[in-house]
2 protein chains.
Amino acid sequence: MDRTVSRWEPNARGRLEEAALELFEERGFGEVTVAEIAASASLAERTFFRHFADKREVLFWGQAELIAHLRQVLADSLDKKSPIDAVLAAIEAGAEALPDRREFARRRRAVIAANIELQEREALKLASMTSAISTTLVERGVDVTDARLAAEAGVGVFKVAYDRWIAAADGREFRPLVRRTFADLRTLMAAPASG
Amino acid sequence: MDRTVSRWEPNARGRLEEAALELFEERGFGEVTVAEIAASASLAERTFFRHFADKREVLFWGQAELIAHLRQVLADSLDKKSPIDAVLAAIEAGAEALPDRREFARRRRAVIAANIELQEREALKLASMTSAISTTLVERGVDVTDARLAAEAGVGVFKVAYDRWIAAADGREFRPLVRRTFADLRTLMAAPASG
């Protein structure tokens with residue numbers, strides 16, 4: 001029996017992600033092969049493809065768990081909160097669940113910003129998050145337009161708060177920035193119409 | 001001189017788009033080649049590539065003009081309006097400028113929904129629209145967080161209003177739906193915190 005196939009690899013996804021990020025930083029996403037990423041993480045190429053569908057996915061693997069977590073918190077919050085406040089609670093819980101690795105997040109952001117295929121994947125991942133929130137709200141009886149708008153607002157806040165967190169010079173945490181950014185959007189939307 | 005190269009082709013982009021949409025509907029995006037799209041539109045393959053960088057772009061070619069238009073209206077509106085109301089004015093003007101082809105929009109939407117590469121391109125195009133709005137606001141002195149949030153809210157409203165327009169059984173126009181959807185978001189965000 002081939003031990004490289006059956007052997008359990010501790011934290012294979014994390015090791016592949018770190019190796020991939022380093023190689024992408026050094027040479028650019030387009031110049032790096034999956035075989036090189038696997039070799040750099042001391043893993044077999046087939047191990048990579050057991051964990052990720054393609055080369056891009058190595059930078060987005062936390063997404064499915066994040067969405068599952070968001071949906072759970074959202075469903076639980078809807079009994080006691082308005083749709084928009086339930087979305088805020090879910091986005092805050094999602095922020096809390098993300099690994100507290102700001103430096104890693106900064107490096108990842110720079111690699112994504114340098115490659116259009118990665119930007120496309122990221123944009124689609126965020127759209128999937130929006131759809132998941134909207135679907136959960138509709139399943140719980142929220143009007144479809146309200147559900148979609150609450151999901152768009154929530155993911156918009158998530159994106160802006162994430163960038164604030166990455167850019168912050170101090171050690172501010174992500175979760176309080178989500179709440180503050182949500183409050184900023186509320187204030188902005190409440191501004192009286194002028195002109 | 002080769003007349004097929006130099007000849008002016010009336011509405012080449014629109015003809016290529018219509019031909020591509022039909023072929024994608026019949027056989028799926030992945031099964032259709034650029035050569036086939038061009039042939040179906042009675043144009044040369046190189047004509048396709050004079051107009052579009054790749055096969056996906058044929059479904060997104062109005063985007064650059066839409067963004068230029070949005071930016072212009074936005075910059076003009078900021079003298080008399082709050083950032084969020086200027087964004088609404090820009091999104092409404094964008095809706096007005098889009099061709100009034102709801103049936104075509106429905107077909108295009110179905111083709112995009114069936115292919116992940118097209119979904120990625122669409123998600124990135126919407127993210128580009130968000131960036132363009134945000135950049136314009138920041139250039140005009142709006143606080144960067146307010147600018148990003150106003151842009152997220154505006155593009156979120158655009159997306160939801162677009163889907164309402166496509167789904168509407170009656171002949172409702174896109175522009176009034178933008179204004180109404182913006183009002184819906186305001187109401188939703190203003191709901192008192194509960195729980």
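User: How many salt bridges are counted between chain B and chain A?
Analyst: This is a predicted model, in which local features need pLDDT of at least 70, side-chain atom pairs count only at pLDDT 80 or more, and totals for chains, interfaces and linings use all residues. Residues are numbered from 1 along each chain as written, chains are lettered from A in the order written, and side-chain values use heavy atoms, without hydrogens or water. A salt bridge is a side-chain nitrogen of Lys or Arg within 4 Å of a carboxyl oxygen of Asp or Glu. Between chain B and chain A the count is eight.

User: Which residue of chain B meets the side chain of A:Glu120 in a salt bridge?
Analyst: Side chains of opposite charge can pair when their charged atoms come close. For A:Glu120 the N to O distance is 2.7 Å, and the partner is B:Arg121.

User: Which helix gives the largest share of the side of chain B that touches chain A?
Analyst: Helices are DSSP runs of H or I with at least four residues, numbered from the N terminus. Helices H6 (83-97), H8 (116-139), H9 (144-167) and H10 (174-190) of chain B each give two or more residues to this side. The largest share, 13 residues, comes from H9(B).

User: What is the area buried between chain B and chain A?
Analyst: The contact, meaning heavy atoms within 4.5 Å, takes 37 residues from chain B and 37 residues from chain A. Buried area is the accessible area (1.4 Å probe) that two parts lose on being put together, summed over both. Carbon and sulfur atoms give 63% of this area, which is about 3300 Å².

User: Is B:Glu17 buried or exposed?
Analyst: B:Glu17 is placed in helix H2 (residues 12-27) of chain B. Beyond four places in sequence, B:Glu17 touches B:Val58, B:Leu59, B:Trp61, B:Arg101 and B:Phe104. Buried means under 20% relative accessible area, exposed over 50%, and partly exposed in between (1.4 Å probe, protein chains only). With 5% relative accessibility, B:Glu17 counts as buried.

User: Which backbone nitrogen lies 2.9 Å from a polar atom of the side chain of B:Asp143?
Analyst: B:Asp143 lies in the loop between H8 and H9 of chain B and is partly exposed, at 43% relative accessible area. The backbone nitrogen of B:Thr145 lies 3.1 Å from a polar atom of the B:Asp143 side chain. The one at 2.9 Å belongs to B:Asp146.

User: How many residues apart in sequence are the parts that A:Arg71 and A:Glu139 tie together?
Analyst: A:Arg71 and A:Glu139 form a salt bridge, with the closest N and O atoms 3.3 Å apart. A:Arg71 is in helix H5 (residues 63-77) of chain A and A:Glu139 in helix H8 (residues 116-139) of chain A, so the pair ties together parts whose separation in sequence is 68 residues.

User: What is the relative accessible area of B:Glu122?
Analyst: The side chains of B:Arg109 and B:Glu122 meet in a salt bridge with an N to O distance of 3.7 Å. B:Arg109 counts as partly exposed at 24% relative accessibility. B:Glu122 is buried, and its relative accessible area is 18%.

Terms used
Polar contact = N/O pair within 3.5 Å; in protein donor to acceptor, adjacent residues only side chain to side chain.
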